[in-house]
Amino acid sequence: MGADAKTAMKVEMTDAAAKRIARILSGEPGKTALRVSVEGGGCSGFSYKFDLVDSRNDDDVAIEKDGATILIDDLSLVYMGGSVIDFVDDLMGQSFQIRNPNAVASCGCGTSFSI
């Protein structure tokens, strides 16, 4: 895999997301990371799934920042390469949001997308 391909597969986490993940994990004994995965389904074709987990799989890529860890499996990373995972707290509520450059369409709730 060339340097450009590795850069394209990179996923970043914002400071706000890291802070929120670390806070959530501190209140969940035994949980060590937030797993983000891509599944078929949702109103736009694919959807993101978020789970608190206590272990890593062999094919996981770990993104670590300020005491927070996000795990993404190899298959999901194909669909999420170049994405930024953020945590937003605004008038519409609090949520993790993924800015995915691969998505050509997404739903209003931000958890479903198509490529």
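Me: What do buried, exposed and partly exposed mean here?

Reply: Buried means under 20% relative accessible area, exposed means over 50%, and partly exposed lies in between, for a 1.4 Å probe and protein chains only. The model is predicted: local features need pLDDT of at least 70, side-chain atom pairs count only at pLDDT 80 or more, and totals for chains, interfaces and linings use all residues. Residues are numbered from 1 along each chain as its sequence is written, and side-chain values use heavy atoms, with hydrogens and water left out.

Me: Why is Phe50 called partly exposed?

Reply: Its relative accessibility is 28%.

Me: Is Phe96 buried or exposed, and how do you know?

Reply: Phe96 has a relative accessible area of 17%. The limit for buried is under 20%, and Phe96 is therefore buried.

Me: What makes Phe50 and Phe96 a stacked pair?

Reply: Rings of Phe, Tyr and Trp (its six-membered ring) pair if their centres lie within 6.5 Å; planes under 30 degrees apart count as stacked, over 60 as edge-to-face and the rest as tilted. The ring centres of Phe50 and Phe96 are 5.9 Å apart and the planes stand at 25°, so the pair is stacked. The pair links distant parts of the chain, with Phe50 in strand β3 (residues 46-53) and Phe96 in strand β7 (residues 93-99), 46 residues apart. Strands (E, at least two residues) and helices (H or I, at least four) are DSSP runs, numbered from the N terminus. The structure holds three aromatic pairs, and Phe50, Phe87 and Phe96 form one aromatic cluster.

Me: Why is strand β2 described as largely enclosed?

Reply: Six of the eight residues of β2 (residues 33-40) are buried, so the rest of the structure largely encloses this strand.

Me: Which strands does β2 pair with?

Reply: Two strands pair if DSSP finds at least two bridges between them. Eight bridges join β2 to β3 in the antiparallel sense, with Ser37 partnered by Lys49 in β3. Two bridges join β2 to β5 in the parallel sense, and Arg35 stands opposite Leu71 in β5.

Me: Why is Asp66 counted as exposed?

Reply: Its relative accessibility is 62%; exposed begins over 50%, so Asp66 counts as exposed. Asp66 is found in the loop between β4 (60-65) and β5 (68-73).
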